[in-house]
Amino acid sequence: MADDHEDQTQQGGGEGSISNKNKKIRRGAYGWLRYRWVRELVRDKQCRLVEVPYSATLADTFNALLANRVSAVPVAAPPGQWIGAGGSMILESDRATGAVRKHYIGMLTMLDVLSHIAELGDHDDKNLDCWMAVPVSTIIGHSLESLSLWTLNPNTSLLDCMETLSKGVHRALVPVDSQTNQAISVELVEESPGYRMLTQMDVLRFLREQKIDLKEILSRSVAELGAISEIVFAVGKHTNVMDAIKSMRAAGLSAVPVVEDLLGDQILQDGKGKKLVETFSATDLRSCPIALLQSWLSISVTQFKERLSVRASNVTSAPMDRDDPGAATRRLITCYHETSMLDVIDSAVSNHVHRLWVIDEEGSLNGVVSLSDMLRVVRDSVLVVE
């Protein structure tokens, strides 16, 4: 009995030691995220900010997205003539004179383009060329994301930055030489000689590179961390592209899983438990030249992806991927409930995808882990000391 009591005491002491060690590790991770700054993430981003003028046509903007392989661009206008998205006053000034020379009035995303194309299906005149000739300034606000335009102060901590980017803000402008010294997480008024774009992917790439400092958290499974959303709306594999686009616009979704045929006439349905076969996203549209897009709107989403695959295989060279590289064709990127957060982040960053579908051993859809989910649970984990 004495031996048993001694064993239990030693075992309890071991668990206490492990618990204390975990507390120290989490406190260390908290400090690491609290004292790393946004400026560190944008310091090495040498690419200039891709933007379009307010007078550009949607077709011109679409081509800019395709050429630069980004999924969103800020829209610039002359100062003093527009109200910025969300009431923001994000200005760029001349480096030499300090005079304000442009005002960023909003952000155009691929979801805005998708929503605009979806409206074409509601009109008798389905001439895509005319539909894409509208000024880009008239398209801003088709999606919730483009209704707001955010900047992050360079002195914002990585911990606060992650909070912002985990709540529906996918990207933010960071002034290169800010005139604001106060470290405020999100600014609506900012004046700077220049900006860089910071995205969710940039932050996750940085976390992956510094994984040793977050090892205890990143080694845990996505299920354990609570990163999986089990509500997943899907389309059937025979759904045509226009119907899928219209359903995505109505639901505010930038991507949907494609599954084996669904029951009933409703386009968008609960996909949980269905066999996953493909992903269809707004970014896929960016990979399709406008000259081909109209004729491809009536084919199925699986045929659309197949044609993109054939076209991509015929391209011998492509520009370097940037904000949201997303190759035109790629293998299905998935994970399991027990997959570690580090492996999920690595898959998302390496394959340039904004989400991983969660499947079971039979390949049936069980949920989704988005970039927002990844940032949210990692941040929440360092704030909780067990």
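How many of the 6 residues of strand β13 (residues 276-281) are buried, and what does that say about how the strand is enclosed?

Analyst: In strand β13, 5 of the 6 residues are buried, so the rest of the structure largely encloses this strand. Buried means under 20% relative accessible area; exposed means over 50%, and partly exposed lies in between (1.4 Å probe, protein chains only). Strands (E, at least two residues) and helices (H or I, at least four) are DSSP runs, numbered from the N terminus.

A word on the basis. This is a predicted model, in which local features need pLDDT of at least 70 and side-chain atom pairs count only at pLDDT 80 or more, while totals for chains, interfaces and linings use all residues. Residues are numbered from 1 along each chain as its sequence is written, and side-chain values use heavy atoms, with hydrogens and water left out.

Now the partner of β13. Strand β11 (residues 255-259) runs antiparallel to β13, and 5 bridges join the two. Two strands pair if DSSP finds at least two bridges between them.

Next, the whole protein. It has 15 helices and 16 strands. Of its 386 residues, 49% are buried. Contact means heavy atoms within 4.5 Å. Take contacts between residues at least 6 apart in sequence: 72% of them join residues at least 24 apart.

Leu 108 is in strand β4 (residues 100-109). Its relative accessible area is 0%, so Leu 108 is buried. Leave out residues up to four places away in sequence, and Leu 108 still touches Leu 58, Thr 61, Ser 71, Ala 72, Val 73, Val 75, Val 113, Val 136 and Ile 139. Val 52 is 56 residues from Leu 108 along the chain, yet their C-alpha atoms are separated by 9.2 Å.

Ser 364 is a second case. This residue is found in the loop between β15 and β16. Its relative accessibility is 14%, so Ser 364 counts as buried. With residues up to four places away in sequence left out, Ser 364 touches Gly 273, Lys 274, Lys 275, Val 358 and Ile 359.

β14 pairs with strand β15 (residues 355-359) in the parallel sense, over 2 bridges. Cys 335 stands opposite Val 358 in β15. Axes are lines fitted to C-alpha atoms, for helices over the stretch in contact; angles run from 0 to 180 degrees between N-to-C directions.

Helix α15 also packs on another helix. Two packed helices are described by the angle between their axes and the distance between the axes. For helix α7 (residues 200-209) and α15, the axes come within 10 Å and cross at roughly 50°. That angle makes α7 oblique to α15. Under 35 degrees counts as roughly parallel, over 145 as roughly antiparallel, 65 to 115 as roughly perpendicular, and the rest as oblique. The crossing of α7 and α15 is left-handed: the near helix is turned anticlockwise from the far one by less than a right angle, whereas clockwise would be right-handed. By class, this contact has 8 nonpolar, 2 polar and no charged residues. Here Ala, Val, Leu, Ile, Met, Phe, Trp, Tyr, Cys and Pro count as nonpolar, Asp, Glu, Lys and Arg as charged, and the others, Gly among them, as polar.

Helix α7 meets helix α6 (residues 158-165) as well. Their axes come within 10 Å and cross at roughly 135°, and α6 and α7 are therefore oblique to each other. In this contact, Leu 158, Cys 161, Met 162 and Leu 165 of α6 meet Gln 200, Val 203, Phe 206 and Leu 207 of α7. The classes are 7 nonpolar, 1 polar and no charged residues.

Helix α4 (residues 110-120) and helix α10 (residues 241-251) have axes that come within 9 Å and cross at roughly 120°. α4 and α10 are therefore oblique. Their crossing is left-handed. This contact holds 6 nonpolar, 1 polar and 3 charged residues.
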